[in-house]
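Subject: Structure handover

Hello,

Here is the structure I promised you. Please open it alongside this email, and my notes follow below.

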Amino acid sequence: MLYSNRTITESKKKKRKKRKKVYTNSTTVTMRIGLCFYLGTTFAAAMYILGAIEIFLKYLIPQAAIFHPADIHAGSGAMLNNMRVYGTICLTLMAVVVFVGVKYVNKFASLFLACVIISIVSIYAGAIKSIFHPPEFPICMLGNRTLVRDLFDVCGKTVVVGNDTVPSQLWKNFCSSENSSSAHCDEYFLQNNVTEIQSIPGLASGIIKENMWGDYMDKGQILEKASLSSVDVHGSMETFGFYVSADIATSFTLLVGIFFPSATGIMAGSNRSGDLRDAQKSIPIGTILAITTTSLVYFSSVVLFGACIEGVVLRDKFGDAVSKNLVVGTLSWPSPWVIVIGSFFSTVGAGLQSLTGAPRLLQAIAKDNIIPFLRVFGHGKANGEPTWALLLTGLIAELGILIASLDMVAPILSMFFLMCYLFVNLACAVQTLLRTPNWRPRFRYYHWALSFLGMSMCLALMFISSWYYAIVAMGIAGMIYKYIEYQGAEKEWGDGIRGLSLSAARYALLRLEAGPPHTKNWRPQLLVLLKLDEDLHVKYPRMLTFASQLKAGKGLTIVGSVIQGNFLECYGETQASEQAIKNMMEIERVKGFCQVVVASKVREGIAQLIQSCGLGGMKHNTVVMGWPYGWRQSEDPRAWKSFINTVRCTTAAHLALMVPKNVSFYPSNHERFSDGYIDVWWIVHDGGMLMLLPFLLKQHKVWRKCKMRIFTVAQMDDNSIQMKKDLATFLYQLRLEAEVEVVEMHDSDISAYTYERTLMMEQRSQMLKQMRLSSAERDREAQLVKDRHSLIRMGSLYSDEEEETIEVLPEKTQMTWTNEKIEAERRNRSKQEQELECHHCTLPTHDQSNVRRMHTAVKLNEVIVNKSHDARLVLLNMPGPPRNPEGDENYMEFLEVLTEGLERVLLVRGGGREVITIYS
């Protein structure tokens with residue numbers, strides 16, 4: 001029913017258009033069914049034409065053969081060449097008739113149907129007549145071997161001419177001389193008698209007992225009757241051509257493939273659906289009645305043939321034992337010519353019908369515009385006749401004609417029709433199991449189990465008949481599916497595979513809810529937080545590049561972003577942002593999902609993403625976010641406060657965190673590192689994240705040739721040698737290849753540089769506390785610090801900031817100063833100068849913690865830069881933010897000092913669980 005929107009007859013074209021969308025299912029499945037049905041119908045045309053030519057050359061006019069065999073042993077090659085020539089001529093004539101107009105084909109349809117009915121009736125009449133008077137078609141047997149009847153006249157070794165007994169023609173065939181001497185005769189001929197039996201004993205003969213069981217033969221095997229006595233001696237190979245033998249090796253699987261095309265007409269009603277008043281009612285009833293009628297005819301015919309005809313004659317393919325008569329024709333009444341002529345016209349008619357239906361089916365598929373390279377076949381003549389589709393159909397049918405052997409074309413035809421029926425049953429079963437709302441079959445007795453059974457039987461028959469043809473046919477169907485999927489085709493009837501995918505996804509998500517993944521299966525499921533510019537473009541695309549290199553297409557990747565504003569007003573921006581991110585994900589080859597949220601504050605939106613992204617067990621366990629570049633230059637603290645707030649959110653959610661710093665210097669997917677190191681600075685244990693990330697990166701072609709080095713820090717009282725041995729053993733158990741180095745950090749006095757960096761940090765903090773002052777006062781305070789002390793740095797040495805530097809011009813403000821304000825300003829300046837002059841002195845007690853932290857950061861940075869200045873990537877433990885929010889700015893300064901002078905840094909913070917294990 002999937003093709004009820006296509007019709008052959010043009011008389012009801014308008015009605016067909018109205019029903020165009022009724023019987024369609026899913027795009028990809030429908031296209032596969034359609035193309036398999038088209039190819040099957042096209043090869044059916046070739047098969048019918050070959051059948052008609054075979055009847056024409058074998059039984060109607062054998063004298064019309066162009067090629068003749070050189071001897072009786074070389075007849076098959078000449079016959080195949082004759083069928084190729086006459087088949088091509090017949091195909092051309094039929095194509096011309098179809099091109100002229102389908103109305104001429106329809107006029108002959110009744111005649112062809114009458115021929116089929118008369119032939120069937122004549123078979124039943126002949127079977128009934130054989131009960132009382134079997135037809136006279138004797139066959140000649142030598143021993144138990146069947147002889148070719150048209151090579152001799154009398155079934156006997158000698159004949160009586162007058163009063164003399166002389167050798168017969170049969171004797172001359174097996175003996176080298178015409179005298180009665182036995183010295184020059186075939187040994188088997190001499191040892192066995194010649195007998196004559198009836199080829200059609202009749203319905204009452206009981207021959208069905210002998211024909212009940214199978215008797216499959218090899219190619220070249222002589223047809224023998226087991227019930228006849230025979231002396232088993234080896235005869236001469238020169239006399240092999242006088243026996244009836246099998247021209248192909250037969251088996252159950254081969255015969256299934258040859259017989260199956262006789263049952264391929266059950267979908268013919270779908271092609272005529274446009275001519276029906278109520279197609280939804282008529283097609284099921286007509287199809288079931290057609291199957292029932294055909295099955296009764298086939299089964300009864302098989303029983304009648306087995307009960308009436310001798311077994312060796314049934315296996316005689318071309319009727320050689322009955323003087324080149326059609327075997328079925330010998331049973332028919334009143335004459336064998338009824339079957340011969342009826343079979344010829346019925347095969348010609350079937351070929352015309354196939355050549356008429358196949359081009360229209362291809363035209364319908366082309367007009368659906370699903371497969372681009374088929375679009376040209378959607379065009380035709382002004383009256384809608386599919387000219388180009390007819391041309392392609394003729395060329396494909398010619399391939400079948402060139403094969404020339406019906407026994408080889410029939411299995412090919414069977415494969416395409418079986419694939420077609422398989423997908424029809426699959427589509428019905430899937431739609432029922434998914435409970436698709438629009439799947440509402442009218443057939444009362446339908447059940448999905450019937451469709452599943454039919455699908456299983458089709459698949460089994462494909463491999464039973466010909467396993468190699470089945471694999472080729474399934475490969476063709478798979479390529480069609482992937483091509484349609486690649487083109488992204490989607491029509492008004494939707495995609496049924498999508499429903500199956502949703503059902504499978506739901507089942508998998510429910511299974512994942514059982515619990516968290518085992519440590520062996522843990523991999524980073526990323527939530528990548530992106531920043532968009534004013535034009536809603538991705539500001540740092542290398543974030544996606546890094547994600548694609550880390551994931552290599554595996555696991556979950558969610559790319560999120562936040563738009564500040566009101567959702568009701570920013571819906572259009574949200575859609576544009578999602579599209580921009582998806583386009584960038586496609587460019588950077590990131591396979592994942594995109595989610596953009598609108599929030600009044602950016603940090604609230606980020607918190608929403610961290611909490612709500614993912615579904616069920618498919619949730620992120622790692623957050624990737626960018627470094628807040630330019631946080632020192634900006635007077636607006638929201639940038640770095642959002643950064644620290646995100647760090648706190650990931651810690652609270654027990655998620656891992658990765659911050660790629662200087663991300664603009666990270667390699668693209670097109671770059672290749674031919675050497676270099678990925679350095680891991682393992683300061684504190686984080687569950688193995690630092691160990692696992694380099695391994696995952698090295699799976700990508702960009703980092704594949706880089707080597708891994710692991711550095712750990714030891715104090716003076718630690719045993720460095722033992723630490724190195726323990727770490728090397730641990731890496732060996734983890735099956736990770738890496739160089740191990742233990743770095744000793746000596747206790748030293750706090751340097752003046754440390755005091756300077758600490759004071760610079762505190763000076764900036766003090767300056768930002770003056771944010772509540774007026775704009776003019778704020779500018780004056782900043783300028784005072786800059787001019788007098790030059791201690792406030794406004795940039796990092798190795799910043800990969802790609803934003804444009806925005807110069808903020810000071811506002812011209814006029815203010816009235818009172819004497820009190822002037823005096824207070826002088827006292828404030830004097831106090832700041834005193835503090836700056838003694839900045840080398842010991843800081844107050846409450847600032848000693850800042851000094852210690854800065855000292856650690858400076859010393860660690862010196863060691864890292866010394867050891868890893870040439871590394872391709874440095875992975876470093878990311879310290880946690882302070883519990884007191886008042887120290888957030890100092891925390892940012894510590895991170896800057898810690899990573900200063902490094903080109904590519906990845907700050908990593910574990911999620912509080914083990915992510916790597918020594919067990920496989």
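Which residue in E2 is the bridge partner of Met 141? It is Thr 146. Please keep in mind that this is a predicted model.

**The sheet**

Strand E1 covers residues 138-142 and is joined to E2 by two bridges. E1 and E2 run antiparallel. The sheet is open and has three strands, in the order E2-E1-E5. Its pairing is antiparallel. E2 (145-146) and E5 (194-198) stand at the edges, each with a single partner strand, so one side of each has no neighbour in the sheet. As background, the strands of a sheet pair through backbone hydrogen bonds, in either a parallel or an antiparallel way.

**The chain as a whole**

The chain has 920 residues, and 46% of them count as buried. Its secondary structure comes to 29 helices and 15 strands. Take the contacts between residues at least 6 apart in sequence: 80% of these join residues at least 24 apart.

**Helix pair H21 and H22**

H21 spans residues 602-612, and H22 spans residues 638-652. Their axes come within 10 Å and cross at roughly 25°. That angle is under 35 degrees, so H21 counts as roughly parallel to H22. H21 contributes Arg 603, Ile 606, Ala 607 and Ile 610 to the contact. H22 contributes Lys 641, Ser 642, Asn 645, Thr 646, Cys 649 and Thr 650. The crossing of H21 and H22 is right-handed.

Leu 609 also sits in H21. Is Leu 609 buried or exposed? Its relative accessibility is 0%, so Leu 609 counts as buried. Setting aside neighbours within four places in sequence, Leu 609 is in contact with Leu 527, Leu 529, Gly 560, Ser 561, Val 562, Gln 595, Val 597 and His 620. Take Val 597 from that list. Leu 609 and Val 597 are 12 residues apart in sequence, and their C-alpha atoms are 7.6 Å apart in space.

**Helix pair H4 and H10**

H4 (residues 102-132) packs against H10 (residues 279-308) at an angle of about 35°. The two axes are 11 Å apart. H4 passes H10 in a left-handed crossing. On the H4 side, the residues that meet H10 are Ile 120, Ile 123, Tyr 124, Ala 127 and Ser 130. On the H10 side they are Leu 296, Val 297, Ser 300, Ser 301, Leu 304, Phe 305 and Cys 308.

**Asn 173 in H5**

Asn 173 is found in H5, which covers residues 169-174. Its relative accessible area is 16%, so Asn 173 is buried: the cut-off is under 20%. Beyond neighbours within four places in sequence, Asn 173 is in contact with Leu 151, Phe 152, Thr 239 and Phe 242.

**Helix H29**

H29 has 12 residues, 888-899. At 1.5 Å a residue, H29 should span 16 Å. Its end C-alpha atoms are 17 Å apart, which agrees. How many of its residues are buried? The count is 12 of 12, so H29 is mostly covered. Among them are Tyr 891, Met 892, Phe 894, Leu 895, Val 897 and Leu 898. After H29 comes Gly 901, whose phi is positive, near 90°.

Best wishes

Key
Residues numbered from 1 in each chain as written. Predicted model: local features only at pLDDT ≥ 70, side-chain atom pairs only at ≥ 80, totals over all residues. Heavy atoms only, no water. Helix = DSSP H or I, 4+ residues; strand = E, 2+ residues; numbered from the N terminus. Expected span 1.5 Å × (residues − 1). Buried < 20%, exposed > 50% of the residue type's maximum accessible area, 1.4 Å probe, protein only. Pairing = 2+ DSSP bridges. Axes fitted to C-alpha atoms, helices over the stretch in contact; angles between N-to-C directions. Parallel < 35°, antiparallel > 145°, perpendicular 65-115°, else oblique. Left-handed = near helix turned anticlockwise from the far one by under 90°. Contact = heavy atoms within 4.5 Å.
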